[in-house]
Every structure is written in structure tokens, then in C-alpha cells.
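Here is a friendly walk through one protein chain, from its overall make-up to a few of its side-chain pairs. Please keep the model open beside the text as you read.

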Amino acid sequence: IDDDIDDIDDIDNNDNDKNLIQNERNKKKHENEQNQKNITNSNNNNNNNNNNVKCESKKIQYPIIINNDTIPIVYYVYNRPHYFRGALEGLKRAMRLDDNVVVIVSVDGAVKEMIELVDNVTFVPIKQLINPTVSFHMEIGERNLQTSDYVNLQSLKRHWWWMLEQVFNHVSFLKDYEGEILFLEEDHVLSDDALSILRYLINKKKNAEKLFEIDPDDIWGVALFNGEVTQKGGNHDIFEWRSGVQNTGYAFSRKVWKRLEAIKDHFFALEDGWDWTLYHMMQKDTFPSIYITPQLSHIRNIGAKGITLAPEAFVLKGFASTPYCSDRSLTYKAENATFIPLPNSLHVKKLNCRNCYNCKQCLGTK
């Protein structure tokens, strides 16, 4: 409308044209108001009993529609914008036109460059959460990306828990969502077919009891990364039931979160990273241990440097050469899929209190 008014102002502003200019201004104003009403009515009519919420960005206002087809993706990030740009580009490539994706980014503290990066995302509806870290850092010290010590592990662990609390308990547009939520970090790049594979895995998980005779209560979720085949490669059509923790590209539901939330004291009693803490809880049989994953990873970890991983370890552990699907044309055919059952040898070893990984709850001491 501003451009149209500028054009009008180019008319010779003599006495005879003043009324014409004013009339044109009023006409444009009325048209703009009517368009806004039409947009509002359209949004209301398209609700279809879904949970519609507005998500604002600097450039575009997206409607967030939460239903059974929604794929909520949560990024758990700190201060590595150079990696996060690559991760967001990977997500953009992985999204199809009909994908209903909503993104939440949980930033550990007010990191200016990360916040600005999220603010400029326009290809997907996005919500930003900023973890208030001042009191934590005053209590135990500041993070240091050059080391992997107690302060860093506790900082990661507390942010991870805070993020889950916000996502499952406080983000309004997810309050009625009961499906799986995908959790990624700022250095996790999705393959082009990752979201299709995610849907496929979630469907198999839902039918685990019928198809694979696995008790649903023993399953915590699905994962897009398979660290067990980092060195030897994997087959595109093979999927595995595994036992243990996967900390890269994992997805679980509100039901699993509630089980974890109920044992919060035990979770924080062990002074280790959140992933090793979960493994310990699996050993104690207080948290489910089974998940399903593709044999060929559909996510790549590009973070050669971070709090828990030095550049040399990144290479030695095989992250630099992890085989993964990078071509949409390789998308699996369901009729070719093979599922490897969970061998007894891969079950998390259940340990009694006397032999478990030391924690305050079990031993009464650190």
C-alpha cells in the first residue's frame, strides 16, 4: 500500500486533484483492511479442529497446525553458529512440500549470534527458547568449550532437562500432542530422506507388540543414527531393534517424558552426562532401554569440535566418515525392508544395587 500511495503522490498536487488523491488513499486503506479480514477468516475456517497457533518471524507469519502428521523438531544448541547453519540447511533440504514441520530451538543462554540466526529463519515455523543460565554459572562456574569437565557436563545435563520441561510442559501448541518429538543438536545434519524414515520408524514402533512381540513399555523411542555401524557401513533396507542409549537424532513421546520426569531425583543423583545417566537408569531397570534404528544412518554429526568431543576424537570415532544416506532417490521401499530382532546379547545388562554405576541414590554417597 505504501508503494501505491507513493505512485498517487506523483500526481500533480493541484487543487483539482486533492479530492482524487484523498479518495484513492481511502480506497487503498479500505482494500487493505478488507484483505486482513479475509486472511483472518480464512485462518479460522481452516482450523478443522486442529490446534492453530501463530508463530511470528521477522518476515513471515506462519500458522502452526498441530495434528497427527506434525513432525516437531527440537534443536538443543549452545554457541556454534557455524555448525547450526549447516544443520538448518540440511533440514530445509529434507523437508518436502507436504511436510508439516514445526521447529523449536532451545539456546543455552542468551547467545546473540545463535538468537539472530534463529530470528532470520523463514522456511519453517520456528519458536525460540532461551535457557536462563546465570544462576547455574554463578553456582558452579562458566562453560569452557576447550575442556570436557564436570562444569560442562552438568551444564549440558541441566539444559537438556530444562529443554524437555519446556517442550513437554510449557509450549502451548504442543500441550495436546502425544506423538514422538525429534531432538537434534546444532551439528546434526539430516539426510534428504530422514523425515520419511522417521515416520516409518515411528509407525513400526507403534506396532512393535503385534509385529515384533516387543512390550511397548520396554521401548523408549526411535533414532536416525546408528553408531554401531560407523566403521563398517550399513544397508539401506535393514532396520534394527537395539538396546541402550542413542544421543544423536533420537525421538520419543510425552509418555516417555512422564516416566523420566517421575524419577527426576534419580536422574540428577548421578553426576554424569544426561546420556550416561539414562544408561545407568536402564541398568537399574527404571527406564525403558529398547529403540529402533536404521542400519544406515540418516543423520550426520558434523561437529568436529565441542564440549564432549575433541577434533582428534571426532576422526578416531569415525564421525568424519560415518556412512549415511544422502540421496533422496534411495528412499526405501517398504516391501524390501528387513528387521533385525533384538539379540539377548544386546540387552542392557541389568545390575543390582551392589554393582551398579555409583550414584547417590544407590550408595548414599557421591
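The report below starts with the whole chain and then turns to strands, a helix, loops and salt bridges.

## The chain as a whole

This is a predicted model, in which local features need pLDDT of at least 70 and side-chain atom pairs count only at pLDDT 80 or more, while totals for chains, interfaces and linings use all residues. Residues are numbered from 1 along each chain as its sequence is written, and side-chain values use heavy atoms, with hydrogens and water left out.

The chain has 13 helices and 13 strands; these are DSSP runs numbered from the N terminus, helices being H or I with at least four residues and strands E with at least two. Of its 366 residues, 47% are buried, where buried means under 20% relative accessible area, exposed over 50%, and partly exposed in between (1.4 Å probe, protein chains only). The accessible surface comes to about 19100 Å², and carbon and sulfur atoms hold 46% of that; areas come from the Shrake-Rupley method with a 1.4 Å probe, and for residues only the protein chains shown count as cover. Among contacts (heavy atoms within 4.5 Å) with a separation of 6 or more, 77% are between residues 24 or more positions apart.

Eight of its eight residues are buried, so strand 3 is largely enclosed by the rest of the structure. Thr70, Pro72, Val74 and Tyr76 point one way, Ile71, Ile73, Tyr75 and Val77 point the other way, and all are buried.

Strand 3 runs parallel to strand 4, and eight bridges join them; two strands count as paired if DSSP finds at least two bridges between them. Here Tyr75 stands opposite Val105 of strand 4. Strand 3 also pairs with strand 6 (residues 181-185), again in the parallel sense, over four bridges, and Val74 has Phe183 as its bridge partner there. Together with helix 3, strands 3 and 4 make a right-handed β-α-β unit. Right-handed here means that, with the strands pointing away from the viewer, the path from the first strand over the helix to the second runs clockwise.

## On to strand 5 by way of helix 4

Strand 4 is joined to strand 5 by five bridges, and these two strands run parallel. The chain passes from strand 4 through helix 4 to strand 5 in a right-handed β-α-β crossover. Val105, the residue opposite Tyr75, also stands opposite Gln128 in strand 5.

Which residues of helix 4 are buried? In this helix (residues 112-119) they are Met114, Ile115, Leu117 and Val118. They lie on the same side of helix 4, because they cover an arc of only 160° around the axis, taken from the directions from the helix axis to the C-beta atoms. Their cover includes strand 3 (70-77), helix 3 (81-94), strand 4 (100-107) and strand 5 (126-130).

## Two loop residues with positive phi

Glu213 has a phi near 55°, a positive value in a residue other than glycine. It sits in the loop between helix 8 (208-212) and strand 8 (219-223) and is exposed at 75% relative accessibility.

Asp285, also not a glycine, has a positive phi of about 65°. Its place is the loop between helix 11 (274-283) and strand 11 (290-294), where Asp285 is exposed with a relative accessible area of 56%.

## Salt bridges

The structure holds 12 salt bridges, each a side-chain nitrogen of Lys or Arg within 4 Å of a carboxyl oxygen of Asp or Glu. One of them joins Asp99 and Arg199, at 2.3 Å from N to O. This pair links distant parts of the chain, 100 residues apart: Asp99 is in the loop between helix 3 and strand 4, and Arg199 is in helix 7 (residues 194-206). Asp99 is buried at 10% relative accessible area, whereas Arg199 is partly exposed at 30%.

Lys264 and Glu165 form another, with their closest N and O atoms 3.7 Å apart. Lys264 belongs to helix 10 (residues 264-269) and Glu165 to helix 6 (residues 150-170), so the pair ties together parts that are 99 residues apart in sequence. Within helix 9 (residues 254-261), Glu261 and Lys258 lie three residues apart, about one turn of the helix, and their side chains meet at 3.3 Å, N to O. Finally, a network of salt bridges links Arg80, Glu186 and Asp187.
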